Amino acid sequence: MLSQKAIDKIRRMFYINWIMEVHCKLGFSDESLYKTISIIDRYSSIKSINLKEYPCLFITAFMIACRHEEIKMPTVEYLLFLTCNYYSKEDVLNMEKDIL
């Protein structure tokens with residue numbers, strides 16, 4: 001996180017709390033939450049992220065983690081709804097390609 005210019009510890013904590021609330025609401029396993037944060041941290045350590053991309057990174061990492069850990073995963077549309085449809089499905093899929 002030291003290399004990130006747009007994101008500080010407080011913003012990161014805010015988004016982690018936000019994804020934890022989503023995680024708890026959906027009743028997913030702890031492993032999916034841990035994997036989400038791991039994906040975010042590893043991606044953030046190698047690529048600079050601007051503030052506008054950060055929520056997209058979180059929902060995309062959550063989607064990837066749920067694919068590995070959960071039987072039923074949230075839809076892309078639901079994850080976009082969580083961001084008030086600020087991003088498009090294409091934005092999330094492009095972020096997923098970049099992460100993977």
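Modeller: The residues lining the largest pocket divide into seven nonpolar, one polar and one charged. This is a predicted model, in which local features need pLDDT of at least 70 and side-chain atom pairs count only at pLDDT 80 or more, while totals for chains, interfaces and linings use all residues. Residues are numbered from 1 along each chain as its sequence is written, and side-chain values use heavy atoms, with hydrogens and water left out.

Colleague: Which residues line the largest pocket?

Modeller: They are Tyr15, Trp18, Leu51, Lys52, Pro55, Leu82, Thr83, Tyr86 and Tyr87. Lys52 is the charged one, because Asp, Glu, Lys and Arg count as charged.

Colleague: What makes it a pocket and not a cavity?

Modeller: On a 1 Å grid over the protein atoms alone, a cavity is a set of points where a 1.4 Å probe fits but cannot get out, whereas a pocket is an open set with protein on both sides within 12 Å along at least five of seven lines; lining residues have an atom within 4 Å of a point. The volume of the largest pocket is about 150 Å³, counted as the space filled by probe spheres set on points joined across faces, edges and corners.

Colleague: On to helix α5 (residues 89-99). Which of its residues are buried?

Modeller: Val92, Met95, Glu96 and Ile99 are buried in α5. Together they cover an arc of only 105° around the axis (taken from the directions from the helix axis to the C-beta atoms), which puts them on the same side of α5. An α-helix has 3.6 residues a turn, so residues three or four places apart point the same way. The face turned away from that buried side carries the exposed Glu90 and Lys97.

Colleague: Why is glutamate 96 called buried?

Modeller: Its relative accessible area is 9%. Buried means under 20%, exposed over 50% and partly exposed in between (1.4 Å probe, protein chains only), so glutamate 96 is buried.

Colleague: What do the buried residues of α5 pack against?

Modeller: They pack against α2 (30-46), α3 (54-69) and α4 (76-82). Threonine 60, for instance, sits in helix α3 and is buried at 0% relative accessible area. Leaving aside residues up to four places away in sequence, threonine 60 touches Val92, Met95, Glu96 and Ile99, where contact means heavy atoms within 4.5 Å.

Colleague: How many salt bridges does the count come to?

Modeller: The count comes to five, a salt bridge being a side-chain nitrogen of Lys or Arg within 4 Å of a carboxyl oxygen of Asp or Glu. One of them joins arginine 67 and glutamate 96, with the closest N and O atoms 2.0 Å apart. This pair links distant parts of the chain, arginine 67 in helix α3 and glutamate 96 in helix α5, 29 residues apart. At 42%, arginine 67 is partly exposed.

Colleague: What makes glutamate 77 and lysine 89 a salt bridge?

Modeller: Their closest N and O atoms are 3.5 Å apart, which is within the cut-off, so the pair qualifies. Glutamate 77 lies in helix α4 and lysine 89 in helix α5, 12 residues apart. Glutamate 77 is partly exposed at 46%, and lysine 89 is partly exposed at 42%.

Colleague: And which salt bridge does lysine 35 make?

Modeller: The side chain of lysine 35 meets that of glutamate 69 (2.9 Å, N to O). Lysine 35 belongs to helix α2 and glutamate 69 to helix α3, 34 residues apart. Both are partly exposed, at 28% for lysine 35 and 31% for glutamate 69. Glutamate 69 also touches serine 29, which is found in the loop between α1 (9-26) and α2.

Colleague: Last one: why is cysteine 84 called exposed?

Modeller: Its relative accessibility is 68%, so cysteine 84 passes the limit for exposed. Cysteine 84 is found in the loop between α4 and α5 and has a positive phi of about 60° although it is not a glycine. Asparagine 85 has its place in the loop between α4 and α5 too, with phi near 55° and an exposed 53%.

Terms used. Helix = DSSP H or I, 4+ residues; strand = E, 2+ residues; numbered from the N terminus.
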